[in-house]
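Hi there,

Here is the structure I promised to pass on to you. Have a look at it first, and then read on for my notes.

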Amino acid sequence: MTEPDHVSRIQAEWARERPDLDVSPQGVIGRLHRLAAHLTDELCVVYRRHGLAEGEFDVLAALRRAGEPFERAPGELARFTMVTTGAMTKRIDRLVDAGLVTRRPATGDGRGRVVALTAAGRELIDGAFTDHMRNERRLLDALTPDEAGRLEVLLTGWLARVEPG
């Protein structure tokens with residue numbers, strides 16, 4: 001028998017204190033929450049190695065995925081990275097100051113703006129993304145290919161049920 005993990009110990013304490021409640025959901029949710037925190041810590045190591053915060057990496061990656069000419073509207077970037085437009089403005093300001101993106105008026109709409117990767121931004125995100133994918137592979141290699149495939153199917157289905165379109 002394996003030693004109880006952190007989540008198992010918490011469940012046992014709650015089961016003792018509140019036997020009237022089903023604490024079994026903590027087995028999945030608690031472990032996913034802890035795993036997400038560990039994964040985020042491991043991913044951020046790579047971002048920092050490239051001089052980026054997680055949010056800055058996300059913005060550069062969203063611009064790079066857009067394809068030529070590597071630009072998007074700030075609101076679109078906010079939707080892709082799931083942050084408020086105010087938070088996006090701060091991220092863009094830092095990236096503009098670092099020379100990694102530019103901000104210009106949108107063609108045909110004086111009120112709109114477009115954010116675009118600079119050559120330095122593209123070079124940085126290409127290198128950072130290469131390292132990021134190596135890091136994700138390293139993390140996923142803790143599972144067998146079959147386990148990873150089954151987990152992806154399960155998470156895809158679950159996410160589709162809880163995340164709006």
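What percentage of the 165 residues in the protein chain is buried? The answer is 27%. Please keep in mind throughout that this is a predicted model.

Let me begin with the overall picture. The protein chain holds seven helices and three strands, and their order along the sequence is α-α-α-β-α-α-β-β-α-α. Its radius of gyration is 20 Å, whereas a compact globule of 165 residues would come in near 15 Å. The C-alpha trace extends over about 65 × 30 × 25 Å along the principal axes. If we take the contacts between residues at least 6 apart in sequence, 47% of them connect residues at least 24 apart.

Now to the charges. There are 24 positive and 26 negative side chains, with 4 Å between the centres of the two sets. Side chains of opposite charge can pair when their charged atoms come close. In this model the count of salt bridges comes to 14.

Which parts of the chain does the pair Glu 42 and Arg 138 tie together? The two side chains form a salt bridge, with 2.6 Å from N to O. Glu 42 sits in helix α2 (residues 25–49) and Arg 138 in helix α6 (residues 119–140), so this pair ties together parts that are 96 residues apart in sequence. Glu 42 is partly exposed at 32% relative accessibility, and Arg 138 is partly exposed too, at 46%.

Another salt bridge joins Asp 93 and Arg 103, at 2.7 Å from N to O. Here the link runs from helix α5 (residues 85–97), which holds Asp 93, to strand β2 (residues 101–106), which holds Arg 103, and the two residues are 10 apart. Asp 93 has a relative accessible area of 32% and counts as partly exposed; Arg 103, at 35%, is also partly exposed.

Within helix α7 (residues 145–162), Asp 146 and Arg 150 are four residues apart, about one turn of the helix. They form a salt bridge whose closest N and O atoms are 3.1 Å apart. Arg 150 is partly exposed, with a relative accessible area of 49%.

There is also a network of salt bridges that links Arg 64, Glu 68, Arg 122 and Asp 126. Phe 70 has a positive phi, near 60 degrees, although it is a residue other than glycine.

Is Phe 70 buried or exposed? Phe 70 is buried, since its relative accessible area is 8% and the cut-off for buried is under 20%. Met 82 also has a positive phi in a residue other than glycine, near 55 degrees. Met 82 lies in the loop between α4 (74–81) and α5, and at 69% relative accessibility it counts as exposed.

Happy browsing, and do write back with any questions.

Best wishes

Note on methods. Residues numbered from 1 in each chain as written. Predicted model: local features only at pLDDT ≥ 70, side-chain atom pairs only at ≥ 80, totals over all residues. Heavy atoms only, no water. Rg over C-alpha atoms; globule rule 2.2 N^0.38 Å. Buried < 20%, exposed > 50% of the residue type's maximum accessible area, 1.4 Å probe, protein only. Contact = heavy atoms within 4.5 Å. Lys, Arg positive; Asp, Glu negative; His and termini not counted. Charge placed at Lys NZ, Arg CZ, Asp CG, Glu CD. Salt bridge = Lys/Arg side-chain N within 4 Å of Asp/Glu carboxyl O.
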